Amino acid sequence: MSSSPVSTSLPAQPYGRPPLRTVQVLGDGAGAGSCAHVRSLATGLAARGVRVTVCAPVQAEGEYDFTGAGAEFAPDAVSALRAACAGADVVHAHGVRAGLRAALAMRGRRVPLVVSWHGDGPTTAGALGRLSRMLERHVARAAAVVLGASSDLVDLARLRGARDARLAPVAVPAGPAGAEAADPGKVRAELGAVERPLLITVGSLVPHRGYSLLLDAAREWRALEPAPLLVIAGEGPLRAELSRRIQAEGLPVRLLGRRRDAAQLLAAADLAVLPSRRVARALLVQEALRVGVPLVATAVGGVPELVGEGAVLVPPGNAAALAAAVTGLLADPERRAALAVAGR
């Protein structure tokens, strides 16, 4: 996978002129993909002599070390965001909520606003859906440019009134050398999957990730001999509900919580599974393709154009199709090997 630099990738200033300055804005609830993308942008821009300020929740700075990438850090408080935007040449917000905060902070200032739509938010109905669409319209029309991580998001931005909407298929930054070098046998032993297939999914435990559907599928394949073990790396508000189902139904599933070694877990797995109802360019999908782990994913958002022939796609919301795809791949090592090659 590769990605051309977009958005705030600006030429360095000539000698004797002040450096260009950009503000990168991350809101509450920004996903791992958005945070990793901003750190990658900050690294590249700082190397080109651009001054970068990242406005983000304090916990995001603690986990992604934007200052270590050469950026200045400012908390995402309204006053700090206004102050940071005051001297910027370009403001780049990541997500609709961050775009709204940036637009309000920049009100009255003639500074270009770029908004990246990464597409991890759920589609909602009723009053919340109407409010979501209203916010999307406001942000789309306030932005000089909207960058969509997938074609469907570009279409959505245009539908919401964006003056300029462009495809920006950002690739997940590669991890440090040797990040997947952990002994797969040791990883599998620690998880309890030495003599049984190991399945993995990664992501926050929130409704639109489709974990209830995944547990429905796990109920189908638990009759296999040996039964595959599904591990879910992530944390979120659905943990208690998922735990109750796993225990009550005797499902071969483990909730691992938030893990910093997700790349090593993925590299040790037989299959990766993405059951999401909506997603643009999921980190799990990109990492599975990169390390050559066969993938079963729902055909939603930007997933089909991302994976091409490198994964098995199933309709969203269909637990039987998801279970059948997993079962079929586990029984077909040649197909798994072909997917690994196609994914890379």
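Strand β6 (residues 145–148) runs parallel to β7, and 3 bridges join the two. In this pair, G148 sits across from L167 of β7. Helices (H or I, at least four residues) and strands (E, at least two) are DSSP runs numbered from the N terminus, and two strands pair if DSSP finds at least two bridges between them.

Before going on, a word about the source: this is a predicted model, where local features need pLDDT of at least 70 and side-chain atom pairs count only at pLDDT 80 or more, while totals for chains, interfaces and linings use all residues. Residues are numbered from 1 along each chain as its sequence is written, and side-chain values use heavy atoms, with hydrogens and water left out.

**The sheet with β6 and β7**

Follow the strands across this open sheet of 7 strands and you meet β3-β2-β1-β4-β5-β6-β7, paired in parallel. The edges belong to β3 (72–75) and β7 (165–167); each has a single partner strand, so one side of each is left without a neighbour in the sheet. From one strand to the next, the twist averages 20 degrees. Helix α1 (residues 32–47) packs on the sheet and touches β1 (21–26), β2 (51–56) and β4 (90–94). The direction of α1 makes about 170 degrees with that of β1. Here contact means heavy atoms within 4.5 Å, and angles run from 0 to 180 degrees between N-to-C directions, with axes fitted to C-alpha atoms, for helices over the stretch in contact.

**The sheet with β8 to β13**

Another open sheet has 6 strands in the order β10-β9-β8-β11-β12-β13, with parallel pairing. At its edges stand β10 (253–257) and β13 (312–314), each with a single partner strand, so one side of each lacks a neighbour in the sheet. On average, neighbouring strands here are turned by 20 degrees against each other, direction ignored.

Two of its pairings look like this:

| Strand pair | Bridges | Example of facing residues |
|---|---|---|
| β8 (198–202) and β9 (229–233) | 5 bridges | T201 and I232 |
| β9 and β10 | 4 bridges | A233 and G257 |

Two helices pack on this sheet. Helix α7 (residues 184–191) touches β8, β9 and β10, and its direction makes about 105 degrees with that of β10. Helix α8 (residues 211–221) touches β8, β9, β10 and β11 (271–274), and its direction makes about 175 degrees with that of β8.

Although β10 is an edge strand, 4 of its 5 residues are buried, so β10 is largely enclosed by the rest of the structure. Buried means under 20% relative accessible area, exposed over 50%, and partly exposed in between (1.4 Å probe, protein chains only).

Now look at helix α3 (residues 78–86), where A80, L81, A84 and C85 are buried. These residues cover an arc of only 125 degrees around the axis, which puts them on the same side of α3; the arc is that of the directions from the helix axis to the C-beta atoms. The buried residues of α3 pack against β1, β2, β3, β4 and α4 (96–105). On the face turned away from them, α3 carries the exposed residues S79 and A83.

**The whole chain**

In total, the protein chain has 14 helices and 13 strands. Its radius of gyration is 21 Å, close to the 20 Å that the globule rule gives for 344 residues, so the chain is as compact as a globular protein of that length. That radius is taken over C-alpha atoms, and the rule is 2.2 Å times the number of residues to the power 0.38. Buried residues make up 50% of the 344 residues.
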